[in-house]
Amino acid sequence: MMTDRVSLPPCVAAACLVLAFGCSPAPESAPQPVETATAPAPVDPILAADAALTRAIATSNSAAALALVDEDVTWTDAAGRTIGKADMAQTFPTPAIGDERGADVRRFNYTRVGVVQIHKDKLHGLRVWVQRPEGWRLFVYHEVQSLATPPTSAPGTGKECVNPCRTIPYEPTNANERAVIAAYQALETSAHAADVANWGTHVADEFILVSSNSDRTFSKTERLDGLRKASFGGVSPTELISARLFDFDDAVVMRSQHRPVSGAPLQITRVWVNRGGTWASTLSYQTSIQATATTR
């Protein structure tokens, strides 16, 4: 006697197997990452203003560039010609360093004063920004071209330093200016006497000296080493002709003209900062005045 076989559909067979062996729970899916909004990094307003200025200059947008310039701005080119905003409005200057790619660019923030230094081969640029109620504005643009070869002399005050060591033709107008002038005179007195111990107390660690009377730049360490060896590298104190100081709380911008005993007059920009009650020079950009200049 033959028994008929019943064929079950596959889906029924699968159901039977589940009943026979039990049900296993479905594997849990891996947790999915939850997307969260990331706050954009804060924008440095000095960096943004500086980038906007260089972009405006590169695209010959004089109106945009002029809008970022302070009313009391000075622009000193590598020939020592210094102009103000009225002249810049007539013809906006062209920087000596037109392309800053590959340049050594250094930036410093002194609260209400910002500094941008550009060094490329023998050309050096300085942009000093100041904080105004309407935003950051260019306050100083200063260019220096270093000598092609080492200098043979250092045009200074001569053997005796009366001006600026003991007296200068400038009367401070407030406490910060008095403190800066005292530091400036002490600094120049120490440099003239090659007094290494005292000179270093009036100079910030980030100090840099750039002069068109030298073939190189000097850091604080390099300048101290030169003073120890009585090797001034073409740079020494010079008689002060005129100066203007601009007080921005813990930073003071000093613009001045000097007359050495030999060689061309100098246009100099310095930025001083208050470090724990001591005023220190952070930079000195010195350009020989080789052309007729409108000075401020």
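Hi everyone. The lining of the largest cavity has eight nonpolar, five polar and three charged residues. In that count, Ala, Val, Leu, Ile, Met, Phe, Trp, Tyr, Cys and Pro are nonpolar, Asp, Glu, Lys and Arg are charged, and the others, Gly among them, are polar.

A quick word on the model. It is a predicted one, where local features need pLDDT of at least 70, side-chain atom pairs count only at pLDDT 80 or more, and totals for chains, interfaces and linings use all residues. Residues are numbered from 1 along each chain as its sequence is written, and side-chain values use heavy atoms, with hydrogens and water left out.

Now the terms. Working on a 1 Å grid over the protein atoms alone, a cavity is a set of points where a 1.4 Å probe fits but cannot get out; a pocket is an open set with protein on both sides within 12 Å along at least five of seven lines; and lining residues have an atom within 4 Å of a point. Points are joined across faces, edges and corners, and a volume is the space filled by probe spheres set on them.

So, how many cavities of 30 Å³ or more does a search of the whole structure find? Two.

The largest cavity holds about 140 Å³ of space. It is lined by 16 residues, and those closest to its centre are Glu188, Leu209, Arg270, Ser284 and Gln286. At least two lining residues come from each of α5 (175-192), β7 (203-211), β11 (266-275) and β12 (278-288). Those labels are DSSP runs numbered from the N terminus: helices are H or I with at least four residues, strands are E with at least two.

On to the second largest cavity, at about 40 Å³. Its lining is Ile97, Glu100, Ile118, His124, Gly125, Arg127, Tyr141 and Glu143. Two or more of these come from each of β5 (123-132) and β6 (135-145), and β5 gives the most, with three. By class, we have three nonpolar, two polar and three charged residues here.

The largest pocket has about 260 Å³ of space, and of its 17 lining residues, Thr54, Ile57, Ala58, Pro95 and Gly98 are closest to the centre. Which helix supplies the largest share of that lining? Helix α2 (residues 45-58), with four residues.

Finally, the second largest pocket has a volume of about 180 Å³. Its lining includes Gln145, Pro151, Ser212, Asn213 and Gln290. That lining divides into three nonpolar, nine polar and no charged residues.
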